Amino acid sequence: MVKSSPTRDTALFNDRLESRETIGKIYEYIFLIGLLIGLFVLALLLLNVFHDGLARLLTPGFLTETPSRFPERGGIRPAIIGSLYLGVIVILVAVPIGVGAALYLEEYAPKNWWTALIEVNIGNLAGVPSIVYGLLGLGVFVYLLNFGSTLLSGALTLSLLSLPVIIVAAREAIRAVPDSLRQASYGLGSTKWQTLQHHVLPYAVPGILTGVIISVSRAIGDAASLVVVGAVSFLTFDPGLFERFMVLPIQIFSYVSRPEPGFANAAAATIIVLLLLIMALNAIAIYLRQRYSTPN
């Protein structure tokens with residue numbers, strides 16, 4: 001039996017380590033090239049949108065007037081108000097339910113087959129296309145509960161769309177809280193709810209906010225489910241809670257589908273407004289996340 005020498009084993013190990021490092025570097029460069037290509041394409045799209053829509057965005061009345069059938073006139077005020085209303089209602093409805101469901105599943109629910117089934121279905125629902133939620137909202141809110149094709153039906157439909165993402169993100173944030181923090185709180189005589197309220201939830205707020213903003217941004221930018229529920233592309237009045245409504249994605253779709261050249265510029269300007277709205281939401285989330293992440 002031939003025994004390998006330590007020097008030879010060390011050389012083989014170094015060769016394998018060097019080979020793995022080389023392969024790792026190759027993949028690193030491939031991924032970097034892919035990232036740069038994606039950023040380059042995104043930059044081109046943004047430049048094209050701002051080139052076409054910035055002048056129309058700065059036109060007096062574009063943000064404050066109602067739509068018009070003439071491309072050089074009118075504005076998108078009803079769409080802005082409808083999107084803001086939808087975002088607020090989604091936050092008010094989906095966030096408490098989603099965080100509460102995450103707390104129950106992570107802290108209170110027994111670990112059995114029923115809980116496992118619920119967890120699997122929540123994970124699956126997070127990847128369901130939005131048009132399926134639109135059909136659900138059409139059947140439940142529009143017809144069954146008789147809310148009609150109103151802003152409330154659209155907001156509740158988008159709340160259902162946002163719930164799985166919020167639940168998954170909130171569960172991950174709660175799960176990331178060190179168990180030693182809970183045990184220290186119990187050791188001082190705190191109840192389970194006091195521990196969750198004063199220690200677990202404040203520690204998990206940054207992760208929860210991330211999931212909330214991702215889900216709300218997706219809801220504000222969604223068009224498929226709202227088309228099914230009954231959002232319109234032309235309103236001459238500001239939408240109310242129990243009235244027909246329009247939102248920025250539907251307004252963009254309406255402008256893009258029209259043949260007149262001026263509507264393309266109006267669509268680009270509306271895209272800029274939607275991007276700014278989503279960026280504002282993300283900026284608020286970043287500020288709150290940094291504030292709660294910083295120790296007092």
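**A buried serine and its surroundings**

Mentor: Ser 68 is buried, its relative accessible area being 15% (buried means under 20%, exposed over 50% and partly exposed in between, with a 1.4 Å probe and protein chains only). The model is predicted, so local features need pLDDT of at least 70 and side-chain atom pairs count only at pLDDT 80 or more, whereas totals for chains, interfaces and linings use all residues. Residues are numbered from 1 along each chain as its sequence is written, and side-chain values use heavy atoms, with hydrogens and water left out.

Ser 68 belongs to the loop between helix 1 (6–57) and helix 2 (77–108); helices are DSSP runs of H or I, at least four residues long, numbered from the N terminus. Apart from neighbours within four places in sequence, Ser 68 is in contact with Arg 73, Gly 74, Phe 234, Arg 258 and Phe 263, where contact means heavy atoms within 4.5 Å.

Another loop residue, Asn 146, lies between helix 4 (130–144) and helix 5 (151–175). Asn 146 counts as exposed, at 63% relative accessibility. Although not a glycine, Asn 146 has a positive phi of about 60°. Most residues other than glycine have a negative phi.

Contacts also link two helices. Leu 181, Arg 182, Ser 185 and Tyr 186 of helix 6 meet Lys 192, Thr 195, His 199, Val 200 and Tyr 203 of helix 7.
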